[in-house]
Amino acid sequence: MLSLYAVLIDGAIYASWLFLVAAGLTVIYGVMRILNMAHGSFYAIGAYAAASLVGWYFNNGVGPVWVGYLMMLGCALAAGLVVGLLIERGLLRFMYGRDEVLMVIITYALLLILEDAMKMIWGVNPYFAYQPYAEMGRSVLAGLKVSNYDLMLVGVSLVLGLGLWLWLERTHQGKVLRAVIHDREVALAMGVNVRRVFTLVFVLGTVLGTLAGALTAPAISVAPGIGVEIIVLAFAVVVIGGMGSIEGAALGALLVGLSRAAAVHYAPQFELFVIYGVMALVLAVRPQGLFGRVLARKI
Amino acid sequence: MNNYKKSVSHSRKALPLALAIAMAGIGAGSTGAAVAAENGKFRVGVVTFLSGPAAGPFGEPSANAAKVLVEGLNQGKLPAPYDKLGINGAEIEMVIIDEAGGAAKQVEEFRNLVQRQKVDAVVGYISSGDCLAIAPVAEELGAMTVFYDCGTSQLFSEDKTPQFVFRTSLDAAVDNIGAARYLAKTRPDAVRVGGIQQNYAWGQDSWNDFTLSMAQIMPKSQVVESQMPKVFQGQYGAEISALSVKRPDIIHSSFWGGDMEALVLQANSRGLLEDATAVLTCGESALARYKDQAPNGMIIGGRGPFGAFAPENALNTWFTQAYQSAYKAAPTYPASKMAQAILGLKFAAENAKAEAGTIPAPLEMAKAFKGATFESVSGTVQMARAGGHQAMQGIAYGEYHYDAASKQGSVQNVIAFAGECVTPPDGTTAHDWIKAGFPGAQCN
């Protein structure tokens, strides 16, 4: 019985992390139709920025703990804004309207460039900013010791997911965004400044990526290559849910999280297979993903 | 006129490409320019990870150690018996190559080093896959090659009659036999054993060697859980839960690098390392970074008498001081291993009966190195296995202790086991030797 509770708890925690990682990727694809390979780098930049700043803050005993948490969020926001704006204004805006495949190659090139840039800035030694993770302590849930930081991540994911959904569904800006998602040309004809929407969405996606990295940093050793590792996983989640769908990413993350946790507890040898097994199964039944829409293609 | 056709969007074309690129990962690296130098210098190719996840914990300390050693040797600063300038009186010129990119790329780099850059010897390789790929090429080219870190047991079972290939580090089986022997001495009542390993050859072999050794050395022990997550996964929440619910006394892990540090942090925060004692075979490499996030009493190893486990001797004192003054940190085990390989190469070259100031032929160096006994930062090294091509040394384990006042971690309760106690003899595999109950082992 304890294992069953553990599967539910572990699955929820892992799913919340997956959703954080995948949210930015799916938002950018939904609006801009860009499969953003550089999303892994955004995640890594957020992790490095948080680990170096928060690590410095705690190692020097500068002040109260809660300031450290604010710094994590602050540096994720700042890093996301700067990197997102630089890339969108400096590169991507010249590429809009190009073939999706070309955009994949461009963002892959960005990933490589950013990986090297991070190596130049932060070196190859790992950064270890564990204090925000350790300071929160732990709780006992159904007989299982669980980190409070992990539980906090579940809360953050829920708030973030709900916030994104409300923004898209209940605000004027969200309606504009959905109009662009639905038909870019008609939206343009109706007076929507699509370019501005693109900038906004790309920066939002970048901030979501850096935020995911910053929130993950205290639980891991931040080292070269962490961004590349999460990209495949994030794609799997987004593909299961349907490219460009927030609800899809949430459901995809939950499916993958619970399946993986069940595999780890009951059949560890299938742990890696199960993620892609779920993906294959979903795509066999619904090639467009759980929440993906079958689109009409203009020819 | 627009025709509308049912389709699953354009992403169908882009998605497979995106996934293929993502799966391929990053294998970027640079090939050094071809410089055929015959300038009287002893050219050494040094190959280690300068990029990727292994660069921080292993590659950078190794490259730093090589720089410290080469500079010290060129200035004649090392204590006896290595006080002769350079190697055999010839100045050492080092060519450092990044090991990232996979075995095929490394074979290409190796050929480039030997055939175009005309190095006189190659020292390097952390990845077992790279060592297995390089060994036959080294034999084919007749290039003096010293592997300094890779631990695969298959190296000399694949290369059965080595001539130019040597390994100054220990076989990985030694790590796990040593870990089991340490547990028998310090935790004789432990019964329930769990394990978490990275899911590739290194992790699987380590777990097999450890569980086989435990079955022989502590026959009452039983494996209650085994987890094999993907390498570089970083998040181990579910694995920690799976281990927790089985209530193990001991948790063995051959994790390394960022994975190891993340595991310690997450497992400690969730109380798992209070309930069970962790045994980390590569644990020494993060000694300075655990701080108060690892529990006192956690068992760590350094893959031999390296790093914090290195004995006090004139060579190690010089090396530690030189390394600390250059890099403001104590040398960890990968650094000691690199120093050992370079000292072994110097020993071989200077005992190859070549005229002082000249560079001996690879065959002469190989003959001098085969079966040699040389002094190193880790004490005396005997090239006593694989027909004199594989080093045999003891291994030590100890417990991590953190001093809150000085904010420094250290190793306590160290127990060392002699090479003859933990090293399989020639003519048998590690598995067969362990299963047979370590026949001929001489333990203290």
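Which residues in helix 2 of chain A meet which residues in helix 3 of chain A? The tour takes up that contact at its first stop.

This is a predicted model, in which local features need pLDDT of at least 70, side-chain atom pairs count only at pLDDT 80 or more, and totals for chains, interfaces and linings use all residues. Residues are numbered from 1 along each chain as its sequence is written, and chains are lettered from A and ligands numbered from 1 in the order in which they are written.

**Stop 1: helices 2 and 3 of chain A**

Select residues 39-59 and 65-90 of chain A, which are helix 2 and helix 3. Helices here are DSSP runs (H or I, at least four residues), strands likewise (E, at least two), and both are numbered from the N terminus. The two axes come within 9 Å and cross at roughly 145°. Axes are lines fitted to C-alpha atoms, for helices over the stretch in contact, and angles run from 0 to 180 degrees between N-to-C directions. The crossing is right-handed; that term applies if the near helix is turned clockwise from the far one by less than a right angle, and left-handed if anticlockwise.

From helix 2 of chain A, colour A:F42, A:I45, A:G46, A:A49, A:A50, A:L53, A:V54, A:Y57 and A:F58. Their partners in helix 3 of chain A are A:G68, A:M71, A:M72, A:C75, A:A76, A:A79, A:G80 and A:V83. Contact means that the C-beta atoms of two residues, placed from the backbone, lie within 7 Å. By class, this contact divides into 14 nonpolar, three polar and no charged residues. Ala, Val, Leu, Ile, Met, Phe, Trp, Tyr, Cys and Pro count as nonpolar, Asp, Glu, Lys and Arg as charged, and the others, Gly among them, as polar.

**Stop 2: helices 1 and 10 of chain A**

Next, select residues 2-32 (helix 1) and 226-241 (helix 10) of chain A, which pack at an angle of about 70° with their axes 9 Å apart. Helix 1 and helix 10 of chain A are therefore roughly perpendicular to each other. On this scale, angles under 35 degrees count as roughly parallel, over 145 as roughly antiparallel, 65 to 115 as roughly perpendicular and the rest as oblique. The crossing of these two helices is right-handed.

Show A:L18, A:V21, A:A22, A:L25, A:T26 and A:Y29 in helix 1 of chain A, which meet A:I230, A:L233, A:A234, A:V237 and A:V238 in helix 10 of chain A. This contact has ten nonpolar, one polar and no charged residues.

Centre the view on A:A22. Leaving aside residues up to four places away in sequence, A:A22 touches A:A234, A:V237, A:V238, A:A249 and A:A253. The largest nonpolar core has 248 residues, of which A:L18, A:A22, A:A50 and A:V237 touch the most other members. Such a core is a set of buried Ala, Val, Leu, Ile, Met, Phe, Trp, Tyr and Cys residues joined through C-beta atoms within 7 Å. Helix 1 of chain A gives the most to this core, with 20 residues.

**Stop 3: helices 11 and 12 of chain A**

Select residues 246-266 (helix 11) and 271-285 (helix 12) of chain A, whose axes come within 8 Å and cross at roughly 150°. That makes helix 11 of chain A roughly antiparallel to helix 12 of chain A. The contact is made by A:L255, A:V256, A:S259, A:R260, A:A263 and A:V264 of helix 11 with A:E271, A:V274, A:I275 and A:V278 of helix 12. Its residues comprise seven nonpolar, one polar and two charged.

**Stop 4: a loop residue of chain A**

Move to A:M190, in the loop between helix 8 (184-189) and helix 9 (194-216) of chain A. Is A:M190 buried or exposed? A:M190 is exposed, with 10 other C-beta atoms within 10 Å. A residue is buried if 20 or more other C-beta atoms, placed from the backbone, lie within 10 Å of its own, exposed if 12 or fewer, and partly exposed in between.

**Stop 5: chain B**

Select helix 2 of chain B (residues 55-74): 16 of its 20 residues are buried, so this helix is largely enclosed by the rest of the structure. Just after helix 2 of chain B, B:G76 takes a positive phi of about 65°. Further on, a cis peptide bond joins B:A80 and B:P81, with omega about 5°. B:P81 lies in the loop between helix 2 and strand 3 of chain B.

Finish at B:F232, in the loop between strand 8 (222-227) and helix 8 (237-245) of chain B. B:F232 has a positive phi of about 65° although it is not a glycine, and B:F232 is buried, with 20 other C-beta atoms within 10 Å.
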